[in-house]
Number of protein chains: 2
Amino acid sequence: MTARTAGTGRSRGRPTGGTDARAKILASARTAFADRGYDGATIRAIAGAAGVDPALVHHYFGSKERLFVEVVQFPVAPADFLPDVLAEGPGQLGERIARTFLALGEDPSTRDALIAMVRSAVTSPASAAMLREFISRGPLSKIAATLDGPDARLRVELAMAQVVGVVLSRYVLRLEPLASADQEEVLAYLAPTLQRYLTP
Amino acid sequence: MTARTAGTGRSRGRPTGGTDARAKILASARTAFADRGYDGATIRAIAGAAGVDPALVHHYFGSKERLFVEVVQFPVAPADFLPDVLAEGPGQLGERIARTFLALGEDPSTRDALIAMVRSAVTSPASAAMLREFISRGPLSKIAATLDGPDARLRVELAMAQVVGVVLSRYVLRLEPLASADQEEVLAYLAPTLQRYLTP
């Protein structure tokens with residue numbers, strides 16, 4: 001029944017357990033998944049980097065899978081961006097989706113989580129299945145439900161494929177000039193591409 | 001000075017060394033990189049699966065890096081598809097690139113190599129650097145050189161980002177309905193998207 005003050009970046013007294021330990025485990029897990037992928041990151045190493053016993057990781061999260069879901073849900077939790085993205089209807093959807101993901105990519109903390117998500121999906125079939133389930137039920141369905149015309153769900157997936165490809169090319173592969181291009185310049189190409197899929 | 005008969009899929013007498021061993025190592029490496037990523041695949045395991053001594057892998061390929069380049073070069077070697085893709089000028093470039101990569105993705109043997117390429121780039125910075133260098137000097141430059149207008153190289157990278165995103169979403173993440181969609185249906189959306197980047 002401790003208050004959830006973790007993640008505020010403020011320390012007032014810092015208990016050594018409770019939400020503080022939980023936040024440390026999450027931060028350590030985020031780094032481990034980003035650096036080593038889903039299969040490469042171990043509970044033992046995550047616990048070690050967080051300075052806690054591995055049993056505490058199991059206590060808080062139950063399993064590596066649950067910990068991963070917690071990690072990938074945080075920076076791109078649908079509840080954090082979908083309402084804004086969908087608020088003004090499909091007309092500006094392409095630009096809003098592009099802005100959301102470029103913003104996540106520019107901020108080093110969310111960029112790590114974004115890369116970890118792609119990396120884990122690519123390296124682990126179990127992780128790919130988790131992510132597939134996660135985005136299929138949530139964001140993809142919700143965006144597709146707002147669209148008219150045939151193949152709405154397929155068009156949303158092609159738009160998201162473009163977003164994932166840009167994340168990969170700009171932040172992971174770091175292809176130049178894409179990696180160093182100004183965010184607004186990338187947006188000027190990306191937003192209309194997404195929009196054409198969404199409202200052809 | 002042995003003839004390169006490896007990879008024909010035919011066995012006539014099968015010598016236990018020479019090009020046959022080399023082909024076995026390559027096939028084993030392709031599977032290992034596809035299954036485990038660049039960092040996860042070891043020379044020892046690749047040699048073991050090929051039924052040869054690890055020293056023979058070093059003899060033929062020198063290093064894991066060289067072996068990887070050999071593996072990723074084979075199914076999508078620029079020399080194998082760029083002349084055809086570029087043959088008729090930029091007007092049909094989008095469709096030709098889309099067809100090339102969807103064909104690679106539909107064939108299980110080249111699909112493995114394609115996925116291994118993406119997986120290795122995502123899991124290993126060294127591998128990402130190799131792939132970046134490989135595609136930057138080769139295909140990206142050669143395609144960009146055929147285009148008019150500003151930002152030609154950036155536009156090629158955004159088009160390739162769309163292709164990579166579709167490969168990832170269709171063959172790795174296996175998002176439905178994209179994963180099961182007919183190749184021609186995907187092509188009908190993908191080709192015009194690439195074309196608008198290449199000849200806006």
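**Two interfaces, step by step**

Modeller: In this predicted model, zero residue pairs are in polar contact across the interface of domain 1 of chain A and domain 2 of chain A, with both residues at pLDDT 80 or more.

Biologist: What makes a pair a polar contact here?

Modeller: An N or O pair must lie within 3.5 Å, with a donor and an acceptor. Between these two domains, the count is zero.

Biologist: How do you know how many residues of domain 1 of chain A that touch domain 2 of chain A are nonpolar, polar or charged?

Modeller: By residue type. That side divides into three nonpolar, one polar and three charged residues.

Biologist: What is the area buried between chain B and chain A?

Modeller: About 3500 Å², with 67% from carbon and sulfur atoms. On the chain B side, Val122(B), Leu173(B) and Tyr189(B) lose the most area to chain A, together 18% of what that side buries.

Biologist: How many polar contacts and salt bridges join the chains?

Modeller: There are 14 residue pairs in polar contact, both residues at pLDDT 80 or more. Salt bridges number zero.

Biologist: Which helix of chain B gives the largest share of the side that touches chain A?

Modeller: Helix 9 of chain B, with 13 residues. The residues of that side divide into 23 nonpolar, six polar and 10 charged.

Methods
Residues numbered from 1 in each chain as written. Chains lettered and ligands numbered in written order. Predicted model: local features only at pLDDT ≥ 70, side-chain atom pairs only at ≥ 80, totals over all residues. Heavy atoms only, no water. Polar contact = N/O pair within 3.5 Å; in protein donor to acceptor, adjacent residues only side chain to side chain. Buried area = accessible area lost by both parts, 1.4 Å probe. Salt bridge = Lys/Arg side-chain N within 4 Å of Asp/Glu carboxyl O. Helix = DSSP H or I, 4+ residues; strand = E, 2+ residues; numbered from the N terminus.
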